[in-house]
Amino acid sequence: VRVIVENRLSEITTVHWHGMHLPARNDGGPHQFIAPGGHWQPEWSIDQPSATLWYHPHPHGQTESQVTRGLAGLFYLDDGTNSDLPHRYGIDDIPIILQDRTFDSRGQFRLRGRAVTGLLGDKILVNGTYNPHLPVTSRRVRLRILNASTGRIYHLAFADDREFALIATDCGLLP
């Protein structure tokens with residue numbers, strides 16, 4: 001795979017791939033910064049099982065600020081061996097990116113509200129939307145959940161206390 005990352009920010013950034021098995025030179029740590037207006041083009045061979053992976057920046061001292069402004073997301077690896085799992089994107093295979101944010105009077109992200117663990121917002125967003133709803137029409141649904149908040153820990157449950165099973169982490173499927 002070859003990924004072309006263009007930095008259109010006015011500050012340095014990086015892109016770090018969580019859960020991806022790849023050479024260290026392509027991992028996007030704080031030492032691999034991309035200058036404003038610059039680009040980075042890592043390339044590697046993928047040799048790992050199916051997984052739900054994610055990315056975020058890692059510039060020294062700026063990770064929280066850049067993640068808060070939206071630089072984090074999911075990507076899927078599919079090795080073709082999980083045909084028994086729900087796999088119709090947006091129908092029975094649903095990405096859920098959780099982020100907490102505080103907004104100012106103009107609706108812009110406010111980068112205040114720091115706790116010991118990091119920045120804490122007063123509104124929970126799901127896929128960038130406040131208070132979303134998704135009518136589910138399938139009996140089995142796979143939720144691919146990413147905590148993209150910078151300081152909040154979530155305890156997730158259904159309102160009617162129904163059970164759900166954890167089948168994978170960002171390292172791949174569990175046994």
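Q: What makes the strands S10, S9, S6 and S11 an open sheet, and what is the pairing?
A: In this predicted model, 4 strands form an open sheet in the order S10-S9-S6-S11, with mixed pairing. Strands here are DSSP runs (E, at least two residues; helices are H or I, at least four), numbered from the N terminus, and two of them pair if DSSP finds at least two bridges between them. The edges are strand S10 (129-130) and strand S11 (142-147), each of which pairs on one side only.

Q: How do you know that strand S6 and strand S9 pair?
A: Strand S6 (residues 93-101) and strand S9 (residues 123-126) share 4 bridges in the antiparallel sense, and the criterion asks for at least two, so they count as paired. Within this pairing, Leu 98 has Val 126 in S9 as its bridge partner.

Q: Why is the contact between Arg 2 and Glu 43 called a salt bridge?
A: The closest N and O atoms of Arg 2 and Glu 43 are 2.9 Å apart; a salt bridge is defined as a side-chain nitrogen of Lys or Arg within 4 Å of a carboxyl oxygen of Asp or Glu, so the pair qualifies. Arg 2 sits in the segment before strand S1 (5-6) and Glu 43 in the loop between strand S3 (39-40) and strand S4 (51-56), 41 residues apart. A search of the whole structure finds 8 salt bridges.

Q: Which parts of the chain does the salt bridge between Arg 69 and Glu 11 tie together?
A: The side chains of Arg 69 and Glu 11 meet at 2.9 Å, N to O. Arg 69 lies in the loop between helix H1 (63-68) and strand S5 (73-77), and Glu 11 in the loop between S1 and strand S2 (16-18), so the pair ties together parts that are 58 residues apart in sequence.

Q: What do the numbering and the values rest on?
A: Residues are numbered from 1 along each chain as its sequence is written, and side-chain values use heavy atoms, with hydrogens and water left out. Because the model is predicted, local features need pLDDT of at least 70 and side-chain atom pairs count only at pLDDT 80 or more, while totals for chains, interfaces and linings use all residues.
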